[in-house]
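Welcome! Please take a moment with the sequence and the model before reading on. The briefing below is meant to be read alongside both.

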Amino acid sequence: CSCLAAPMAVALILGWWLVAASRAQQLPRPSLSLHPSQGVSLGDNVTLRCHLPQLAAWVWLYREGRWSYAKYSDKKQDTTEFSFLSTSREHAGTYSCQYQLSESEDISVMSDPVELVLTDRSFPPPHISLHPEERVGTGTNVTICCWNKDYGAAFLLHKDGRSAPIQRLVPDDVGAVSFTLFGVTPADSGTYRCSYRPRNYSFLSSPLGDIVTLEVTPTAAPPGAELVSRGNLVVAVVRGCAAALIFGLGVFFVIDARSLWIRRDESLGGEGI
C-alpha cells in the first residue's frame with residue numbers, strides 16, 4: 001500500500017541516521033590547532049592542523065559550521081594541514097575539523113572549535129592608562145582603563161607572557177572600559193596592553209596599544225604578627241595535649257570500672273558456693 005511507503009522510508013532514513021550517529025560517537029574526537037596561535041595579521045600565512053587519533057582517509061575542515069575544504073590523508077601521518085597564504089578578512093572565523101576512517105565509512109564527530117582572529121592594522125590602536133600609576137603593595141585594587149571612541153565594540157586586556165587575553169569587556173557610550181585587578185599580588189606584576197574587536201567584525205582585532213607596567217611589592221607583615229602566629233601554635237599544641245589527656249583518663253576509668261565489676265561478680269559467685 002502506498003500509504004505505508006512514506007512512513008517506512010522515513011523509518012529507514014531515521015534508522016540509518018541513528019546508526020551513523022552511534023558510530024560517530026564511538027570514534028575518538030579529533031583536535032584542531034592554529035600555527036601561529038596568535039598575533040596573525042591580515043596578509044600573513046597561517047596553518048590549521050587537524051590532529052587525528054586514528055588513520056583516516058578523508059579530513060574535512062569547516063568554517064562557521066559549513067564545509068570549506070577536504071583533503072585525502074596519507075596513512076602514515078597523524079595530522080592533516082590546511083594552509084592559508086596571505087590571509088584576508090574572509091579567512092577569519094571559527095573552524096573545526098572531522099575525519100573518515102580509511103577502512104570503513106565511519107565519520108567522527110567534530111573537533112572542538114578554534115578561532116582564527118586576524119589583526120587589521122588599518123584600525124588605530126587603543127589608548128591605555130593605569131591607576132594608581134606608581135608601584136603598589138600587595139592587596140591593592142588596580143584599575144586599567146582602555147578606550148577608543150570610534151571603533152571599539154569589545155576590549156581585551158593582555159598581559160605579556162600570557163597566550164590569551166585575561167579579561168574582556170564591552171565599552172560604555174564613550175568607548176571606554178575599566179579593567180579591575182582585585183587584591184593584586186607580586187604575581188600580577190608585568191606589562192599590560194589593550195586591543196579591541198571592531199564593530200561588525202567579530203574575528204578582526206586592532207593592533208595592541210601602548211604598554212603600562214604594573215609593579216607589585218610584597219607587603220611586610222605587621223608588627224607582632226610573628227608573635228601572634230607563635231601564640232596560635234602554642235594554643236593548638238596545648239589543646240591537642242589536653243584532648244589526649246582527657247581521652248586517656250576516659251579509657252583508664254572505663255578499664256578500672258570494668259575490673260571492679262569483674263571482681264564483684266567473682267566475689268558474689270564465691271559466696272553463692
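What follows is a short tour of some strands and how they pair. Keep in mind that this is a predicted model. As background, strands of a sheet pair through backbone hydrogen bonds, in either a parallel or an antiparallel sense.

**The four-stranded sheet**

- An open sheet is built from four strands, and reading across it gives the order E4-E3-E6-E7.
- The pairing in this sheet is antiparallel.
- At its edges sit strand E4 (66-72) and strand E7 (114-116), each of which pairs on one side only.
- From one strand to the next, the twist averages 30 degrees.

**A closer look at E3 and E4**

- Six bridges join strand E3 (residues 56-63) to E4, again in the antiparallel sense.

**Strand E12 and its partners**

- Strand E12 covers residues 152-159 and is mostly covered, with seven of its eight residues buried.
- One of its pairings is with strand E15 (residues 190-198), where seven bridges run in the antiparallel sense.
- Within that pairing, Leu156 has Ser195 of E15 as its bridge partner.
- E12 also pairs with strand E13 (residues 167-169), through three bridges in the antiparallel sense.
- Here you can look for Leu157, which stands opposite Gln167 in E13.

Technical notes. Residues numbered from 1 in each chain as written. Predicted model: local features only at pLDDT ≥ 70, side-chain atom pairs only at ≥ 80, totals over all residues. Heavy atoms only, no water. Buried < 20%, exposed > 50% of the residue type's maximum accessible area, 1.4 Å probe, protein only. Helix = DSSP H or I, 4+ residues; strand = E, 2+ residues; numbered from the N terminus. Pairing = 2+ DSSP bridges. Axes fitted to C-alpha atoms, helices over the stretch in contact; angles between N-to-C directions.
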